[in-house]
Amino acid sequence: MSELMDWRELPIAGVVTPETATPLHTGGWRTGVMPEVELAACVNCLLCWIYCPDSAITLDGTTFTGFDYDYCKGCELCAEVCPTGAISMVEELA
Amino acid sequence: MKELLTGGEAVAHGMRQVDPDVMPVYPITPQTPIIQGFAKFVADGRAHAELINVESEHSAMSAAIGSALAGARTMTATSSQGLALMAEVVYIAASMRAPIVMALGNRALSGPINIHCDHSDSMLIRDSGVIQLFAENAQEAYDFTIAAPRIAEHPDVLLPVLVCLDGFTITHASEPVELLADEQVRRFVGEYQVPQPLLNVSAPATHGPFAMPDNYFELRRAQASALDAAHDVIALVGHELKFLTGRPMAAIEPYRLDDADRVIVALGSTAGTVKDAVDELRAEGEHVGLLRICSFRPFPAVEVAAALADVTTVIVLDRADSPGGTPPLHAELAAVLFGSDSTLRGHVYGLGGRDIHPSDVRDIFAGGQPAYFGLRGDECLV
């Protein structure tokens with residue numbers, strides 16, 4: 001995140017130009033639970049990858065590999081849509 | 001060549017010559033002759049703006065913001081209740097730095113409902129961050145209309161500019177007005193260049209973003225600095241325009257201030273009345289003068305202080321009250337004169353279009369008049 005600017009440095013009228021949100025590690029917003037996978041039960045349907053609102057499902061090519069905890073907010077959608085119960089939410093240790 | 005025009009017609013001619021791209025507008029007395037005149041120019045092919053018949057003044061200013069930020073030179077006009085309805089969006093226009101030019105036919109705010117002149121509508125949006133220029137007559141309303149786009153669109157300013165002309169007294173009264181040639185105006189205003197066009201798909205941007213407590217204060221300060229920058233730009237544009245018109249245009253007009261011991265400070269058409277009274281009193285050997293404030297926002301405090309440096313008594317005429325507080329122009333003068341040796345007194349006058357005559361001005365110079373001048377039953381003398 002960029003440093004706060006003083007009033008002379010801000011763009012006129014506060015106009016915002018596009019920037020990447022990649023440096024914002026929103027995974028820090030998770031409160032309590034995180035997804036975990038039992039890979040043996042995964043059928044690689046990629047429903048979790050389709051549903052994840054934070055693009056936090058990691059793939060190797062087209063093969064499910066796990067979660068990117070830098071961006072996973074712990075919303076539980078992946079565990080909800082997983083047809084085989086391979087994904088479960090577990091308590092996150094502080 | 002001079003033409004006999006009302007102030008409204010003169011502004012409509014100014015708008016025709018500036019030839020804006022877009023004009024979203026809603027009719028209201030006493031502004032209507034302006035847009036009526038301009039609409040006729042469009043219908044006759046003498047102006048080329050897209051006229052947008054919006055459903056309210058709130059929409060007029062909203063459309064004007066989008067249009068101005070997209071890169072279209074945009075003008076509109078309103079009065080009184082129209083400005084009150086528009087007020088929310090006027091603040092947004094200023095904060096989005098949209099260089100819209102708006103003619104304001106000054107009219108008293110309701111209630112009671114009234115259609116005649118005072119400055120309560122202007123004062124309603126005093127702190128919105130827009131520039132407000134007060135014309136003394138139809139000629140100046142025309143001159144300001146030509147100057148306004150240059151001030152509004154200057155890269156250091158980028159703010160809405162209001163050309164304020166007293167309702168009926170200026171909007172509807174006919175005077176000889178000298179118009180520039182169309183070509184002169186076209187060259188003077190030039191092409192409108194918007195710094196970051198709203199619809200530029202190759203450089204997308206978010207205009208009017210949400211500002212949290214970590215940035216709101218800074219953005220407000222930046223906006224205030226644009227009004228500070230407008231001081232110089234008004235002087236510059238006024239200087240340039242004078243080359244074409246031969247008429248001075250500046251933030252203040254000192255009138256017969258040499259050796260003046262009593263000076264009236266006023267806005268708008270009343271200044272013309274004061275000038276007549278000053279001339280009469282000067283002919284009788286009295287040392288009186290007038291300081292007319294042409295730019296109320298930004299307020300030219302430095303120039304005002306300098307102009308009044310040797311004046312014993314400053315008399316402020318406010319055509320708007322601030323119930324429970326100090327009237328707006330009086331408050332500005334109190335701030336400017338704080339710590340000086342001048343005596344300051346003020347009168348609220350002319351609300352809802354009550355006339356003021358040269359004989360009234362003579363009485364005001366003489367002193368011992370009510371704080372609410374021209375009011376029946378006021379015994380509070382100043």
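Is Glu136(B) buried or exposed, going by its C-beta neighbours inside 10 Å? Glu136(B) counts as buried, because 23 C-beta neighbours lie inside 10 Å. The legends below take this residue and other parts of chain B in turn.

The model is predicted, so local features need pLDDT of at least 70 and side-chain atom pairs count only at pLDDT 80 or more, while totals for chains, interfaces and linings use all residues. Residues are numbered from 1 along each chain as its sequence is written, and chains are lettered from A and ligands numbered from 1 in the order in which they are written.

View 1. Glu136(B) sits in the loop between β6 (131-134) and α6 of chain B. Helices (H or I, at least four residues) and strands (E, at least two) are DSSP runs, numbered from the N terminus. A residue is buried if 20 or more other C-beta atoms lie within 10 Å of its own, exposed if 12 or fewer, and partly exposed in between, with C-beta atoms placed from the backbone. Apart from neighbours within four places in sequence, Glu136(B) is in contact with Gly268(B), Ser269(B), Ala271(B), Gly272(B) and Arg292(B). Two residues are in contact if their C-beta atoms, placed from the backbone, lie within 7 Å. Between the C-alpha atoms of Glu136(B) and His239(B) there are 18 Å, and the two residues are 103 residues apart along the chain.

**View 2. Helices α1 and α2 of chain B.** The axes of α1(B) and helix α2 (residues 32-43) of chain B come within 8 Å and cross at roughly 40°. That angle makes α1(B) oblique to α2(B). Axes are lines fitted to C-alpha atoms, for helices over the stretch in contact, and angles run from 0 to 180 degrees between N-to-C directions. Angles under 35 degrees count as roughly parallel, over 145 as roughly antiparallel, 65 to 115 as roughly perpendicular and the rest as oblique. The crossing of α1(B) and α2(B) is right-handed. A crossing is left-handed if the near helix is turned anticlockwise from the far one by less than a right angle, and right-handed if clockwise. On the α1(B) side the contact is made by Gly8(B), Glu9(B), Val11(B), Ala12(B), Met15(B) and Arg16(B), and on the α2(B) side by Pro33(B), Ile34(B), Gly37(B), Phe38(B) and Phe41(B). By class, this contact has seven nonpolar, two polar and two charged residues. Ala, Val, Leu, Ile, Met, Phe, Trp, Tyr, Cys and Pro count as nonpolar, Asp, Glu, Lys and Arg as charged, and the others, Gly among them, as polar.

**View 3. Helices α3 and α4 of chain B.** Helix α3 (residues 57-70) and helix α4 (residues 80-95) of chain B have axes that come within 7 Å and cross at roughly 25°. That makes α3(B) roughly parallel to α4(B), and their crossing is right-handed. Among the residues in contact are Met61(B) and Ile65(B) of α3(B) and Leu85(B), Met86(B) and Val89(B) of α4(B). The contact divides into 11 nonpolar, three polar and two charged residues.

**View 4. Helices α6 and α8 of chain B.** The axes of helix α6 (residues 138-153) and helix α8 (residues 216-245) of chain B come within 10 Å and cross at roughly 135°. That makes α6(B) oblique to α8(B), in a right-handed crossing. The contact includes Ile146(B) and Arg150(B) of α6(B), and Val233(B), Val237(B) and Leu241(B) of α8(B). Its classes are eight nonpolar, two polar and two charged residues. Ala224(B) also belongs to helix α8 of chain B, and counts as partly exposed with 14 C-beta neighbours inside 10 Å.

View 5. In helix α7 (residues 182-189), Val185(B), Phe188(B) and Val189(B) are buried. Seen down the axis of α7(B), its buried residues fall within an arc of 85°, so they line one face of the helix. The arc is that of the directions from the helix axis to the C-beta atoms. On the other side of α7(B), Glu183(B) and Arg187(B) are exposed. The cover over the buried residues includes α1 (7-18), α6 and α8 of chain B. Just after α7(B), Gly190(B) takes a positive phi of about 65°.

**View 6. Where chain B touches chain A.** In this interface, 18 residues of chain B are in contact with 11 residues of chain A. The largest share of the chain B side, four residues, comes from α8(B).
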